[in-house]
Amino acid sequence: HGDLALDEQLVGIAANADLLIYDATFTEEEMQTRRGWGHSTWPAGMRLRDRSGAKLVAFAHHEPLRIDGELDRMAVSAASAGVNAFFARQGMSIDL
């Protein structure tokens with residue numbers, strides 16, 4: 001994040017996708033000390049969804065030490081920030 005040219009390429013790649021699967025390893029707070037690790041946050045995924053016109057975003061690749069309750073709270077925050085987004089879980093399947 002932060003490289004305008006690469007960010008715009010990502011918007012183009014995700015343009016009008018039916019399903020965008022997005023890395024949501026860290027929280028915004030955690031990202032402050034982990035920038036450049038190759039991971040992202042669910043709010044960044046929401047911004048990409050909004051800019052690209054993707055219809056649905058699934059947040060995946062969660063911090064391995066994050067417990068289910070934390071993911072549940074993040075999912076509630078994501079749901080309050082907009083529709084058409086969810087946190088993927090192990091074993092989940094999606095019909096498109």
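This is a predicted model: local features need pLDDT of at least 70, side-chain atom pairs count only at pLDDT 80 or more; totals for chains, interfaces and linings use all residues.
Residues are numbered from 1 along each chain as its sequence is written, and side-chain values use heavy atoms, with hydrogens and water left out.

**Stop 1: the sheet**

Select residues 20–23 (strand E1), 57–60 (strand E2) and 85–87 (strand E3). Helices (H or I, at least four residues) and strands (E, at least two) are DSSP runs, numbered from the N terminus. The three strands form an open sheet in the order E1-E2-E3, with parallel pairing. E1 and E3 are the edge strands, each with a single partner, so one side of each has no neighbour in the sheet. On average, neighbouring strands of this sheet are turned by 25 degrees against each other, direction ignored; the axes used for such angles are lines fitted to C-alpha atoms, and angles run from 0 to 180 degrees between N-to-C directions.

Two strands pair if DSSP finds at least two bridges between them. E1 and E2 are joined over 4 bridges, and E2 and E3 over 3 bridges. Select Val57 next: its bridge partner in E3 is Ala85, and Val57 is also the partner in E2 of Leu20. Then select Phe59, which stands opposite Phe87 in E3.

Remain with E2 and display its side chains. Val57 and Phe59 on one side, and Ala58 and Ala60 on the other, are all buried (buried means under 20% relative accessible area, exposed over 50%, and partly exposed in between, with a 1.4 Å probe and protein chains only).

**Stop 2: helix H1 and its ends**

Select residues 4–14, which form helix H1. Asp3 caps the N-terminal end of this helix, with a side-chain oxygen 3.1 Å from the backbone nitrogen of Ala5. After H1 comes Asn16, whose phi is positive, near 60 degrees.

**Stop 3: salt bridges**

A salt bridge here is a side-chain nitrogen of Lys or Arg within 4 Å of a carboxyl oxygen of Asp or Glu. By this rule the count is 6.

- Select Glu8 and Arg51, whose side chains meet in a salt bridge at 2.0 Å, N to O. Glu8 lies in helix H1 and Arg51 in helix H3, so the pair ties together parts that are 43 residues apart in sequence.
- Select Lys55 and Asp18, which meet at 3.5 Å, N to O. Lys55 is in the loop between H3 and E2 and Asp18 in the loop between H1 and E1, 37 residues apart.
- Select Arg89 and Asp68, which meet at 3.9 Å, N to O. Arg89 is in the segment after E3 and Asp68 in helix H4 (residues 68–81), 21 residues apart.

**Stop 4: a buried arginine**

Select Arg49 in helix H3 (residues 42–52). At 10% relative accessibility, Arg49 counts as buried.

**Stop 5: a nonpolar patch**

Finally, select Met92, Ile94 and Leu96, which make a nonpolar surface patch of about 330 Å². Patches are made of residues with over 30% relative accessible area and no salt bridge, with like charges joined within 9 Å and nonpolar side chains (Val, Leu, Ile, Met, Phe, Trp, Tyr) within 5 Å. Accessible areas come from the Shrake-Rupley method with a 1.4 Å probe, and for residues only the protein chains shown count as cover. Met92 is in the segment after strand E3 and is partly exposed, at 40% relative accessibility.

Notes. A polar contact is a pair of N or O atoms within 3.5 Å; within protein, one must be able to donate a hydrogen and the other to accept it, and residues adjacent in sequence count only if both atoms are side-chain atoms.
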